[in-house]
Amino acid sequence: MDTRPNSPEARDIRYHLHGYTNARKHQESGPLIIEKGDGIYVEDVAGNRYIEAMAGLWSVAVGFSEKRLVDAATRQMSKLPYYHDFGSKSHSPLVDLAEKLVQMAPVPMSKAYFTNSGSEANDTAMKMIWYRSNALGQPARKKIISRKRGYHGVTIAAASLTGLPNNHLSFDLPIANVLHTSTPHYWREAAPGESEEQFSSRLAEDLEKLILAEGPETIAAFFGEPIMGAGGVIVPPAGYWEKIQAVLSKYDILLVADEVICGFGRTGEMFGSQTFGIGPDIMVLSKQISSSYLPISALLINEKVFEPIADESDRIGTFGHGFTGGGHPVAAAVALENLKLIDERDLVGNARTVGAHLQARLRRLASHPLVGEVRGVGLIAAVELVADKAGKAPWEKPGALGALVNGLLQQNGVISRNMGDAIAFCPPLIITEAQVDTLVDAFERSLAAAMPQVRPQG
Ligand SMILES: Cc1ncc(COP(=O)(O)O)c(C=O)c1O
């Protein structure tokens, strides 16, 4: 770190409170300042180059130097730099994007609604669901079920849906009416001898018990990510989504698929809902929709959701919800161009084929003494590290080994992210097999470097 008083690092420490950072530790360790990007790589202010193995925050599908997105933004900025959709106003990029998203949806959807972030989109989904319950004359139907370790964002409602302690502690969350059911993590949570199907059946029973205990007439919706991302890249076990959906339809509970990470190709299909046979009533989209070149998110809602909302807005006189930046024309133009690129370059196919290579290379590490589980689909994966393979026990304390290896990976030229002891890989969808090899080679070197410090047991 450059410690001169006016270095960017020193000024960052002086002026900037970071998201998801230990603010006290940051005052000592300082920031890693990223200066530029090129394809799957980013470069820091000191000129060190890294493979961005998380695509930023699971989001830069087309890589960090896509001129066509810059041009799309510039063109739209010159023509109409800002407009909104309040009071029946609209603009061409928004009309085109709404049409495109509704047509892309894997199940029949009726309308697109635009927001600026995944959190805002999930908050909006929750408000729409409450509004709908009132419209249907079911004011008691307000409770929402999500899952422990699920991630849906950080605003008050979205953080409540999130099932991770760090998003609740000292924030006085979750709010009322949000319930969390079990995590579909077979490797960690299954009982001895239980098959994946049996485990899935047990989780569906857990869900049904919760619904019955609370009163089915009080449950409005279930929120879930097709693959849990920030909770540790947890891939659902066989039969999970089928069994969960059977319970939800039995009690007429809406299903919200949070596709913020899985959407637009990550799993090797356009949507995670296709990979896992999910038929949602609402889809929440963000991140890869614009490769995060500009913030934009969207909800797709089906007729079951739209129709009562339309009636209620007519009764009240308006749908009293909307964001100044929602459906921003420049972000919408960038999203449209980004979706064109995903299509033209068959990045979904690339996620499938290069993803299969990534999964195969990582699975070769399954016998490594520090590797507990390798999991993933397409171009999203995690390797969960343990010090005791048989007992699945961590080294020193939970997260310590993950942080150690994550730091070593960075020294070896790869930016990854450890969620506790799970090291995640979620690279840009443009990555090649050769680049995957470079990434996994660096991971192997990092594991080897960790070995002398960690004494594996068992
Ligand atoms: C599945 C999922 N939903 C919602 C969010 C929240 O999105 P944002 O950070 O844009 O608010 C995220 C962010 O990582 C996410 O992974």
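Biologist: How do the residues of the shell around the ligand divide into nonpolar, polar and charged?

Modeller: This is a predicted model. The residues around the ligand include S117, G118, S119, D258, V260 and K287. The shell comprises three nonpolar, three charged and six polar residues.

Biologist: Which helix gives the most to the shell around the ligand?

Modeller: Among the residues around the ligand are G118, S119 and N122. The helix that gives the most, with three residues, spans residues 118-135 and is helix 6.

Biologist: How much of the area that the ligand exposes when taken alone does the protein bury?

Modeller: Oxygen atoms of the ligand lie 2.9 Å from a backbone N or O atom of G118 and 2.5 Å from a polar side-chain atom of S119. A side-chain N or O atom of K287 is 2.9 Å from an oxygen atom of the ligand. Taken alone, the ligand exposes 380 Å², and the share buried by the protein is 83%.

Biologist: Is helix 13 mostly covered or mostly uncovered, and how many of its residues are buried?

Modeller: Buried here means under 20% relative accessible area. Helix 13 is mostly covered, and the buried residues number 12 of 16.

Biologist: Which residue with a positive phi follows helix 13?

Modeller: Helix 13 covers residues 329-344 and reaches 22 Å from its first C-alpha to its last. The residue that follows, with a phi near 45°, is D346.

Technical notes:
Residues numbered from 1 in each chain as written. Predicted model: local features only at pLDDT ≥ 70, side-chain atom pairs only at ≥ 80, totals over all residues. Heavy atoms only, no water. Near = heavy atom within 4 Å. Polar contact = N/O pair within 3.5 Å; in protein donor to acceptor, adjacent residues only side chain to side chain. Areas by Shrake-Rupley, 256 points an atom, 1.4 Å probe, with all protein chains shown as cover. Helix = DSSP H or I, 4+ residues; strand = E, 2+ residues; numbered from the N terminus. Nonpolar A, V, L, I, M, F, W, Y, C, P; charged D, E, K, R; others polar. Expected span 1.5 Å × (residues − 1). Buried < 20%, exposed > 50% of the residue type's maximum accessible area, 1.4 Å probe, protein only.
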